[in-house]
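Please keep the sequence and the coordinates at hand while reading.

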Amino acid sequence: MFQDVHKKIIISLKDEDLRNGSREATREEMKNRLDAIKRHPYAEDWAKEIKEIKRKLLLDPIKSFEDFKKSFEGEGKYIYFAKDGEEAKKIILKIIGKKSTVVKSKSLVGEEIELRQFLEMNGINVYETDLGEFLVQLVNGKPAHMVTPAVNMTEGRARNVLYPVIKERMDDVVSMVLGVRGFMREKFLSADVGITGANALSIDTGSIVFITNEGNGALSSTLPEKLVVITSIEKIYPSLKDAIKASIVQTVYAGFKNTTYIHIINGVPKEPKNGPKELHLIIVDNGRIGDISLKETLYCIKCGSCQLSCPIFREVDGAWGEIYTAAIGIPWTAITGKISVARDLSYFCLQCGRCKEVCPMKIDIPNLILKIKRERF
Amino acid sequence: MEDPITLFKNSIEENGGFFKFVNRIELINEIKKISKGNEIMFAGLDESIENEIIKSDIKSISLDKMKDDRDLKNKIKNINIGITNADALAAESGSIILVDYNYMKSFAAFLPEIHIAIAYPEKIFPGLIEALNYIINSMNELPATIQIIQGPSKTGDIEKKIVRPSHGPKELYVFLIR
Ligand code: SF4
């Protein structure tokens with residue numbers, strides 16, 4: 001209901017701490033992005049290339065999936081197509097089995113289908129290993145932003161959230177991060193399953209590409225015996241080079257001059273005694289293929305810059321949206337969630353157009369939102 | 001146009017790593033200085049470099065020799081220095097590329113607090129895409145994983161303040177052999 005969105009926004013507007021956190025984090029977004037593009041000037045051309053590639057592939061996403069599947073298949077590798085979140089979750093539960101411990105890296109599709117909550121309900125110990133996601137998990141919340149999920153949490157709030165689990169004095173951000181490192185290290189070493197998302201898949205090599213800065217993806221994809229990767233159908237690219245380019249464009253437009261790790265997973269070792277023995281890849285549709293009118297949304301590489309540049313997001317951050325927030329979050333909500341929820345959210349958009357200007361894929365986000373506004377009940 | 005070695009040096013330093021151009025004797029001395037008598041683990045090194053490490057008084061274990069040990073994780077979890085080769089470097093982005101068939105290079109690069117990568121000048125390419133092209137063209141069969149490392153691990157998740165390390169190494173060294 002429209003009133004529910006309104007209420008949430010009012011609550012968040014009254015939360016001084018949250019507003020300061022959000023403003024602080026978005027203050028330099030433009031400078032960060034421009035600096036990152038200056039450092040990697042080719043990113044602008046790559047963005048254009050990626051858009052053209054996506055345009056072609058999205059004409060027939062099922063064929064892209066079939067082509068990818070053919071080159072992916074191999075010993076110890078399993079691939080699944082899930083039409084929606086329920087199906088994906090059932091598949092994953094069956095792979096993991098009950099009573100296991102999972103170390104999880106960031107996956108927006110995982111958030112979209114509420115994977116962690118579902119696994120926890122089934123008695124599985126899940127640790128979000130990305131610091132931002134871990135903070136969100138500890139407060140039982142949802143991510144506010146695509147790339148930096150705890151973007152709205154101030155240092156003080158983060159310390160209070162971490163203290164009950166880390167149980168050490170943490171005077172500054174450095175000691176918080178180190179506390180989490182120590183806590184998580186044991187989990188990485190003893191977990192049965194690693195779960196991660198993917199930035200891109202490549203048809204020519206059958207590879208999975210994902211990026212992290214923290215090294216949590218490095219550990220969760222190499223230490224446990226089973227590796228489960230969950231992603232969505234619009235992330236398939238013809239070649240490994242395209243997949244890498246798309247991943248780099250995403251980080252540059254997210255405002256990072258440098259991303260620490262790019263992981264390319266092709267399979268499991270032969271006769272492995274260490275490293276993953278099984279690789280399971282779940283590709284989720286969840287409304288993407290069928291929706292023609294909002295198809296442009298699928299060009300989105302989830303860099304999050306449209307969110308950070310949105311004047312409404314800056315004031316109310318994660319309160320404007322469910323799983324996907326602000327700007328492109330509204331069409332994403334329409335596709336992967338309920339159209340009625342997306343419509344309630346859409347009315348808060350001012351049609352100012354800043355999001356469209358910063359988007360590397362030049363998606364006409366205001367127009368997508370307008371379409372949703374006009375949608376009948 | 002800067003030469004690729006200088007360009008790589010500038011990039012990896014900008015990303016928070018250390019770089020040095022060394023001969024083989026200097027290399028062993030550098031490793032001694034960094035390891036300060038502590039045990040190191042290595043994977044994927046050239047035989048000649050491996051032998052020099054073994055000959056020196058550096059305490060070391062070879063992960064390639066231990067790859068079938070089922071208790072490997074426990075045996076290496078407290079070793080704080082890992083050394084790997086680098087299969088290619090990209091100058092523009094300061095990238096180190098590891099081609100890994102059995103996860104031993106990944107363990108040596110990700111688990112410890114310090115990762116040292118050893119490379120040769122002919123493996124430096126201008127950009128990441130060129131470096132990847134070289135890797136893909138030189139492989140007969142795809143490795144289980146290809147890891148691209150562009151600095152020590154970091155997080156900016158609290159108020160976007162950049163903090164090192166996060167879950168991976170705190171320090172990253174690249175030694176280029178003359
Ligand atoms: S719509 Fe564009 S700016 Fe927004 S997250 Fe997607 S790619 Fe980035």
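The paragraphs below begin with conventions and then turn to the interface.

This is a predicted model, in which local features need pLDDT of at least 70 and side-chain atom pairs count only at pLDDT 80 or more, while totals for chains, interfaces and linings use all residues. Residues are numbered from 1 along each chain as its sequence is written, chains are lettered from A and ligands numbered from 1 in the order in which they are written, and side-chain values use heavy atoms, with hydrogens and water left out.

Between the two chains, 64 residues of chain A are in contact with 55 residues of chain B (contact means heavy atoms within 4.5 Å). The buried area of this pairing is about 5,200 Å², and carbon and sulfur atoms give 57% of that area; buried area is the accessible area (1.4 Å probe) that two parts lose on being put together, summed over both. Of the area that chain B buries against chain A, 16% comes from Asp157(B), Ile158(B) and His167(B), more than from any other three residues.

Charged side chains also meet across the interface. There are 4 salt bridges between chain B and chain A, a salt bridge being a side-chain nitrogen of Lys or Arg within 4 Å of a carboxyl oxygen of Asp or Glu. Arg39(A) and Glu14(B) form a salt bridge with an N to O distance of 3.2 Å.

The aromatic rings come next. One aromatic cluster consists of Tyr127(A), Phe134(A) and Phe183(A). Phe183(A) also has Lys187(A) over its face, at 4.7 Å from the ring centre. Likewise, Lys77(A) lies over the face of Phe72(A), at 4.7 Å from the ring centre. For such a placement, NZ of Lys or CZ of Arg must be within 6 Å of the ring centre and within 35 degrees of the ring normal.

Finally, the cysteines: the structure holds 0 disulfides over all chains, a disulfide being a pair of cysteine sulfur atoms within 2.5 Å.

Notes:
Rings of Phe, Tyr and Trp (its six-membered ring) pair if their centres lie within 6.5 Å; planes under 30 degrees apart count as stacked, over 60 as edge-to-face and the rest as tilted.
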